[in-house]
Amino acid sequence: MSQLHGEPYQPKSGFMKWMESRLPIMGLLYPTAVTFPTPRNLNYWWTFGGILMFCLSVQIITGIVLAMHYVPHVSMAFESVEGIMRDVNYGWLIRYVHSNGASMFFIAVYIHMFRGMYYGSYKEPREVLWILGVVLFLLMMATAFMGYVLPWGQMSFWGATVITSLFSAIPYFGDMITQLLWGGFAVDNPTLNRFYSLHYLLPFMIVGVVVLHIWALHVTGNNNPTGISVKSKQDTLPFHPFYTAKDGFALVLFILFFAIFVFYTPNILGDPVNYEKANSLVTPEHIVPEWYFLPFYAILRAIPDKLGGVIAMFASIGVLFILPWLDTSKVRSVSFRPLYRQFFWILVIACIGLGYLGAKPPEGAYVIWSRILTAYYFLHFLVILPVLGILEKPRLLPKSITESVLGNGDGDKAESKG
Amino acid sequence: MMKQVTHFRTLVRAGLIAIVSALVVLAAPGVGQAEESGESEALDWSFNGPFGTFDRAQLQRGYKVYREVCSACHSMEFVSFRNLSEEGGPGFTPEQVKVIASEFEIEDGPNDDGDMFMRPGLLSDRFPAPFPNVQIARLANGGAFPPDLSVLAKARVGGPDYIYALLMGYEEAPAGVELAIGMSYNTVFPNHQIAMPEPIFEDAVEYDDETEPTLENYARDVTAFMMWTAEPKLEARHRMGFKVVLFLLIFAGLLYATKRKVWAAVH
Amino acid sequence: MASSETHESNRRDFLYIATGAFAVVGAASAAWPLIHQMNPDASVQALASIEIDMSAIPVGQSITVKWQGRPVFIRHRTPEEIKISQETPLEDLKDPVARNAGLGGDVDASDANRVIQPEWLIVVGVCTHLGCIPVKNQGDYNGWFCPCHGSHYDLAGRIRFGPAPENLLVPKYEFIGDDAVRIG
C-alpha cells in the first residue's frame, strides 16, 4: 500500500515553478500535510497528536536554551540551575516551561494512548503505527528520567540510584551492567555527565521515530471514532483548513492549561526534596518518582521479589507492543463494543489507582491494593481482551463514516438505536 | 438534537477525566509526607494567589531577622547583596545595599603576594557562609548541619507555612518524651526532635518600623524573606502570567470562531 | 443578496486576519525570552566595575588587568612619552575621534582627550581590527603592535598604521585616591 495523498501541489508563482522543478519540497509536503485526506468525523481526542508535536518542540527549544547555561558537574549542576532561575534573563520562565513541559508532555501522551485504545487505533492495519508509538513512549520515559537527574537535587540523585539499580536485578550480569551505567561504584559525576549527553541525544531520536510514526499514519490514514474505514472521498476532508483550525483551537486551550501551571503553581508537580542539593550519604524519607512514572513504580513495588518486580514493570509496557494481537475483536471502536467499553473504563481507573498507590508508602493496604491492580492490569491485556473479542457481540456498524455523520447520526447514536 | 446530546456526553466524559486526573496530580506530590511532618496551617501570605506580591517592609524586617539571628549558623549561598535592591525584592536602595554589603567581610585573592585577604563586601558578592565547610559547621552545631536557606522555602512540603509553623512550634517536651542530647522538642518537625535550638524570642531583634517585636512577627517576616530568596522572580512571574493567560483566552476565542466558520461549510 | 455575501466574507476575512495576527504576536512574544536569555545575565552585569591600586607600577611600565573578561592596559607613561603623544599633530592620526567612553562621541583624538591624568593611560587592550591582543612596546610608534594583522598603535593607544579602523577604546574610569582607579 502506498502513501495516501491529497490534491497535488500546483505551483502558482514563477519562482515556485522554478523551485519545484529543482527541489519539489512543496510537492512532497502539500499532499501529505495540507490536503491530506482526513476522516471528517475526528473528535477533539484526535487533537493530541498535534499537541504532542508542540510539546516535543517546546522541550527541544527550551532544552537547547537551558543547555547554554547548565553545567553538568556534580559541584556545579545545582548551582547552575539556581543561576538560571535567578540571573539568566527570563531563565526562570524557560526552566519552568521545561520542567512543567515534561509533565504536560506525559499528560498529552497518556490521553493520546488511551484514545488509541478506546477507538481501537492499534488494530489492523495500524499495528506498526501503534508499535512506533510505544517506542516513542519508551524514549520519552528515558529522556524524562535522565532530565530529572540533571538538577542534581536529592530526588535526582536517589531517583537515579534506584532506577539504575533496577538493572542489578538481572542475574549474573546485573552488577556489571550497573557499573557500566554509573561509570563508577555509585551514581556520581560520570553518571551525571553521560545522562546529560543522552538527555540531549534522545529527543532527536524521538524526532526521528515521530517521522516514522507519521509516515506510518499517512500510509493507513487516520482511524476515526466509528472505527470503520474510509470508503470514499466523501468520508474525508482536507487536513487544512479543517483540522488545522480544530487542532489550533485545542492546542491553545492546552497551552492555557500549561501556562497556569508555569505561572501560578510551577512547583506543584515536582517534589520539594529536589530543591535540596544531592547528598550521597543521606536518603530522603520517601523516594517517589515524578507523577508520570507512578503507575509503573507501583507495579514494581507490588511484586515482593527484586527480579520479579523489574520484570513486571517492563512487562507492563512490553504488553503494549503485542496489544494489536491480543485484541481479537473484529470491530475497532468502543462505540460498537458494549462490553469492552466497561472494561476500558475499569482499566483507566486501575491505572489511575496504580498511580495513586505509587505515591503511597509501600505498607499495609497499599501493598495489597497494588497487587490487586497490578494483577488486574495484566488480566485486562492477557485474558479479558482476547476472550472478549470472541464472546462479545458487537453492535451494528454504520455503512460509512459519512452516513454516521450526516445521515444516521454518529457512532454513539447508532449505538442508542441498538 | 441527537448530535448535541452526544456532544454533551463527550464533554461530560472529558470533564470527569480532567477532574479525576487533576485530583490525582494534585494529591500525588504531597502524599505520604504531609502526614508525618505534622500539619502546617495555610496562612494568608501577601505573595499567595495569582496577583500576590511581596510586602517590601516585611522583607526588610525579615532580612534584619536573618542577619541578626539566622545568619549566625545558616548560609544563603545563592543570594547576592545586589539581589536586595533588585525589582520584586525587599526594595532596599542600591546605596543601602552597599552599606549592608560592606558590613560583611569577604575573602578575596590571591593578591600579588599570593595571599588570600579579607575585604568589605561588594554588591556583586554572595552572602558569605558562617562556616568555611560542612565539617566545621557540624562540629559547631553538635553534629547537625544547618541547611542553606536560599531555596529552603521551596524544599519543604508546605513551603512557607511549614517554616512558619516550625519556628512557632517549639514547646516543652511533653511528659514521657525523652529528648536526645542537644535536641529540642518541636511540634511540626518530623519525629518532634530537632537539632536547632529555639532560635528566636520576643524582643530579640529591634525593628526599625512600628511592627511589634513579637515571636509571631519575627517568624512571619523571616519566612516571607526566605520565600523571596527561594523565588525572587515570583512577582515577575505573576505579572507575566496575567498577560499570557489574558492573551490566550482571547486567542482561544478567536480560534474557536475561526474553527466554527471553517467547519460551517461541512456541517 | 450579493451585498450580504460580501458583508459575510468581509467578516470572515477580518476574523481570519485577527486570528493570524494573534498567532504572529504570540509567536514573537514567545521568541523574545529565548533570544534575550543569551544577553549577559545579572551576575555578569554585576561585575561591571573593578578597582585597581596602581601605586606599584613604576614609571615607564604597564600592567594588564582583566575587566569584563577583556584585558585593560594601564601604562604609567614617562614625561617623554607624554610629550610625544601630546605633540602628535591631529592630521597624522588615522582615526580622528577620541573613542573615550567617558567623553562624548565627537571629540578629537588629542592626547588630552584620551587620558584623565597624563601619566596614566588606560585603554581596553583589544585590537579594533578583529579582537586580538596587541603587544606592548612594539611597532613603529613604540606603543602597541598587533601581531595578528599588523596594526600599529602609538603611546596614547591611537591607531597609526595598519588595518585597524579605530583607536583603542578608553573605558569609563575615575580616580578614587592618588594612585587608585575604578574602571567601569
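Tutor: Buried area is the accessible area that two parts lose on being put together, summed over both. Please keep in mind that this model is predicted.

Student: Into which domains is chain A divided?

Tutor: Chain A has domain 1, made of 34-225 + 235-287, and domain 2, which covers 294-406. Taken over C-alpha atoms, the centres of domain 1 and domain 2 of chain A are 23 Å apart.

Student: How much area is buried between domain 1 of chain A and domain 2 of chain A?

Tutor: About 3,000 Å² is buried between these two domains of chain A, and carbon and sulfur atoms give 70% of that area. On the side of domain 1, Tyr118(A), Lys123(A) and Leu166(A) supply 22% of the area buried against domain 2, more than any other three residues. In terms of contact, 35 residues of domain 1 of chain A meet 36 residues of domain 2 of chain A.

Student: How many salt bridges does the rule find across the interface of domain 1 and domain 2 of chain A?

Tutor: A salt bridge calls for a side-chain nitrogen of Lys or Arg within 4 Å of a carboxyl oxygen of Asp or Glu. The rule finds one across this interface of chain A. Lys123(A) also forms a salt bridge with Asp327(A), in which the closest N and O atoms are 3.3 Å apart. Between the two domains of chain A, 12 residue pairs are in polar contact.

Student: Which elements give two or more residues to the side of domain 1 of chain A that touches domain 2 of chain A?

Tutor: They are helix H5 (91-118) and helix H6 (127-149) of chain A. H6(A) gives the most to that side, with eight residues. By class, the residues of this side of domain 1 of chain A are 22 nonpolar, seven polar and six charged.

Student: How much area is buried between chain A and chain C?

Tutor: The area buried between chain A and chain C is about 910 Å², with 66% given by carbon and sulfur atoms. The contact takes 10 residues from chain A and 11 residues from chain C.

Conventions:
Residues are numbered from 1 along each chain as its sequence is written. Chains are lettered from A and ligands numbered from 1 in the order in which they are written. This is a predicted model: local features need pLDDT of at least 70, side-chain atom pairs count only at pLDDT 80 or more; totals for chains, interfaces and linings use all residues. Side-chain values use heavy atoms; hydrogens and water are left out. Domain bounds come from an automatic or database domain assignment. Contact means heavy atoms within 4.5 Å. Buried area is the accessible area (1.4 Å probe) that two parts lose on being put together, summed over both. A polar contact is a pair of N or O atoms within 3.5 Å; within protein, one must be able to donate a hydrogen and the other to accept it, and residues adjacent in sequence count only if both atoms are side-chain atoms. Helices (H or I, at least four residues) and strands (E, at least two) are DSSP runs, numbered from the N terminus. Ala, Val, Leu, Ile, Met, Phe, Trp, Tyr, Cys and Pro count as nonpolar, Asp, Glu, Lys and Arg as charged, and the others, Gly among them, as polar.
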